Amino acid sequence: MMQAGVEDAVRRSFQSQGAMLALGASMSAVDDGFCELELAFSEAVAQQHGYFHGGIIAAVGDSAGGYAANSKLMPERECLTAEYKINLLRPARGEALVARGRVIRAGRSLLVATVELCAREGASLAQCALMQMTLFASDARAPQHPSA
């Protein structure tokens, strides 16, 4: 169970992330050590064959794992990705991409998360990628961009 105020802090942080907002991703669920993001399919996130672009899949997965980790750290701390490995298992075709990040281990300075990415068509989910991540916890908040 998440501490009071953590869900709001996680959702506010996500809403301030320009990359996910530019893609049109939304946070559909957040809980202690868990985050689910969704991204509707459009030409803007497609590659030339009509599938979700692999770079988009990786970016959404990175955010899902990161916000799963942030659910363990916020509001006092946040995380940054140190590394990730993604396996693209099949072409991702569907009406939406669903990314479910789960924290496997939350230490004081390092967190490990996995992300399952699926293409959704109606009620059907087809697993299209798996991601393994290492993230590091930071006490310091990132400085705001001068244009913010």
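Because the model is predicted, local features need pLDDT of at least 70 and side-chain atom pairs count only at pLDDT 80 or more, while totals for chains, interfaces and linings use all residues.

**Stop 1: D32 and K72**

Select D32 and K72, whose side chains meet in a salt bridge at 3.2 Å, N to O. The term means a side-chain nitrogen of Lys or Arg within 4 Å of a carboxyl oxygen of Asp or Glu. The two ends are 40 residues apart: D32 sits in the loop between strand 1 (26-31) and strand 2 (34-40), and K72 in helix 3 (residues 54-73). Helices (H or I, at least four residues) and strands (E, at least two) are DSSP runs, numbered from the N terminus. D32 counts as partly exposed at 31% relative accessibility, and K72 does so at 38%. The cut-offs here are under 20% relative accessible area for buried, over 50% for exposed and partly exposed in between (1.4 Å probe, protein chains only).

**Stop 2: R100 and E36**

Next, pick R100 and E36, a salt bridge with an N to O distance of 2.6 Å. This one ties strand 4 (residues 96-106), where R100 lies, to E36 in strand 2, 64 residues apart. Is E36 buried or exposed? E36 is buried, because its relative accessible area is 12%. R100, at 23%, is partly exposed.

**Stop 3**

Now go to R120, which forms a salt bridge with E95; their closest N and O atoms are 2.8 Å apart. R120 belongs to strand 5 and E95 to the loop between strand 3 (78-88) and strand 4, with 25 residues separating the pair. By the distance rule, the count comes to six salt bridges.

**Stop 4: a nonpolar patch**

Finish with L80, L110 and F136, which make a nonpolar surface patch of about 270 Å². Patches take residues with over 30% relative accessible area and no salt bridge, joining like charges within 9 Å and nonpolar side chains (Val, Leu, Ile, Met, Phe, Trp, Tyr) within 5 Å. Areas come from the Shrake-Rupley method with a 1.4 Å probe; for residues, only the protein chains shown count as cover. L110 lies in strand 5 (residues 110-121) and is partly exposed at 46% relative accessibility.

Technical notes
Residues are numbered from 1 along each chain as its sequence is written. Side-chain values use heavy atoms; hydrogens and water are left out.
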